[in-house]
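Please read the points below alongside the sequence and the model.

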Amino acid sequence: MEKTMGPSIKGNCIDCHMPIEQTNAIVSETGNQVIRTRMRTHWIKVYAPAEQQ
Ligand code: HEC
């Protein structure tokens with residue numbers, strides 16, 4: 001893949017393989033509102049580009 005993407009692939013492993021997504025692990029309930037925070041997934045895998053945010 002380095003041939004097609006160039007040197008930028010070297011530093012950003014986590015952006016593709018551990019993208020940030022909404023979590024159910026840390027949930028805050030304030031009044032009637034449920035707030036879920038966003039954090040990096042720890043499930044390292046190949047994510048489809050559409051899943052990246
Ligand atoms: C631009 C997004 C992107 C970046 C940055 C990236 N990867 Fe990947 N990676 C992919 C994709 C997409 C595939 C699947 C490629 C394919 O199947 O042809 C892949 C495949 C892999 C695989 C093989 C997985 C398998 O099941 O065979 C490994 C290991 C891997 N990457 C590690 C890394 C490491 C280590 C880095 C950082 C140096 C990195 N990747 C950076 C998107 C990325």
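**Notes on the predicted model**

1. Strand β2 is hardly covered, since the count of buried residues among its 8 residues is 0. Here a residue is called buried if 20 or more other C-beta atoms lie within 10 Å of its own, exposed if 12 or fewer, and partly exposed in between, with the C-beta atoms placed from the backbone. Helices (H or I, at least four residues) and strands (E, at least two) are DSSP runs, numbered from the N terminus.

2. This is a predicted model, in which local features need pLDDT of at least 70 and side-chain atom pairs count only at pLDDT 80 or more, whereas totals for chains, interfaces and linings use all residues. Residues are numbered from 1 along each chain as its sequence is written.

3. The confidence of the predictor in each residue is given as pLDDT, on a scale from 0 to 100. The protein chain averages a pLDDT of 76, and 74% of the residues score at least 70. Within the chain, confidence is lowest in helix α1 (residues 2-5), at a mean of 65, and highest in β2, at 82.

4. The protein chain has 2 helices and 2 strands, and read along the sequence these follow the pattern α-α-β-β. Buried residues make up 0% of the 53 residues in the chain.

5. Strand β1 (residues 20-30) has 11 residues, of which the number buried is 0, so β1 lies largely in the open. It is joined to strand β2 (residues 33-40) by 7 bridges, and the two run antiparallel; strands are taken to pair if DSSP finds at least two bridges between them. In this pairing I20 stands opposite R40 in β2, while S28 stands opposite I35 in β2.

6. How many residues lie between β1 and β2 in the hairpin? The two strands form it with 2 residues between them, and G31 in the turn has a positive phi of about 60°.

7. V34 has its place in strand β2, and this residue is exposed because 9 other C-beta atoms lie within 10 Å. Not counting residues up to four places away in sequence, V34 touches V27 and E29, where a contact requires the C-beta atoms of two residues, placed from the backbone, to lie within 7 Å. For the protein chain as a whole, among contacts between residues at least 6 apart in sequence, 40% join residues at least 24 apart.
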